[in-house]
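Work through the exercises below with the sequence and the structure open. Each task is followed by its solution.

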Amino acid sequence: VGQPALGAAPAQLRTSGVDFAEAPFAYDIQETVQDSTSVVTAGFSTRWIALEASAFHDAMTTGDHTELDSGDIDSQSFRVTLMPSQNFHVQVSRGELGEDLAQRTITSASASYGSKNAGLTALWTRREYESGRVAETAYGVEVMLRGTRNTFSVRAEHVDRPAGFPFITLPVGVEVEPATHFTAGYIFDFMATGNYRLGAGVNIDYRTQTRELEHVYGHKPQGIFTFVRFRTGA
């Protein structure tokens, strides 16, 4: 199980995304390949540029999403990463997924900055389907600012969803409806030493295109996450 050379680093490993309590709203478009199996990657890297290529099996989670299917290598990807400085990099990548290759293609571009006290990622991803299903695009930005005991995080995303999502009545892919999603987060660290951080936090969500959910959850259903988080490492 591993990450092929496709797309930006997973949200839980990005400096700008590690302090959120939830995955990005666009996870199913941007990050499903991060749990691939039979991953083989080769690359070449200098101080300024990295070239990578991967062959892998586009695995799917099963059951309660704690198991991954295994299978033959059926996908491929290529990524170019530019690193003008130690804390800043830009990546462009493309992958072909599926048993016959090109059943689905993913194109990704992102720019990321990360340091001890700040993180920023701008990410664009597009999924295209050979079957004629309408292409889906997701793009957004996430920002993290960290002080001695306070951490502030903001994420804004624009995502294409199948018409009527999540109660889909039309055949999947006939139409898409764009939706926007915003998350604001705050964490206060009760303990903040050089190697450990222990704190409590909250994430507050706001999203558009929720009218289909009102008869189940009421007016403007939103989400609020409260959590305790413990981190090790400088």
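**Exercise 1.** List the contacts of Thr 37 beyond its sequence neighbours, and decide whether Thr 37 is buried or exposed.

Solution. Step one: with neighbours within four places in sequence set aside, Thr 37 is in contact (heavy atoms within 4.5 Å) with Val 1, Phe 56, His 57, Ala 59, Leu 68, Asp 69, Ser 70 and Gly 71. Step two: Thr 37 counts as buried because its relative accessibility is 7%; buried means under 20% relative accessible area, exposed over 50%, and partly exposed in between, with a 1.4 Å probe and protein chains only.

The model is predicted: local features need pLDDT of at least 70, side-chain atom pairs count only at pLDDT 80 or more, and totals for chains, interfaces and linings use all residues. Residues are numbered from 1 along each chain as its sequence is written, and side-chain values use heavy atoms, with hydrogens and water left out.

**Exercise 2.** Describe the surroundings of Asp 189.

Solution. Step one: the relative accessibility of Asp 189 is 0%, so Asp 189 counts as buried. Step two: not counting residues up to four places away in sequence, Asp 189 touches Arg 149, Thr 151, Arg 197, Leu 198, Gly 199 and Arg 229. Step three: among these, Arg 197 is joined to Asp 189 by a side-chain polar contact of 2.8 Å (a pair of N or O atoms within 3.5 Å; within protein, one must be able to donate a hydrogen and the other to accept it, and residues adjacent in sequence count only if both atoms are side-chain atoms). Step four: the C-alpha atoms of Asp 189 and Ile 49 are separated by 37 Å, and these residues are 140 apart along the chain.
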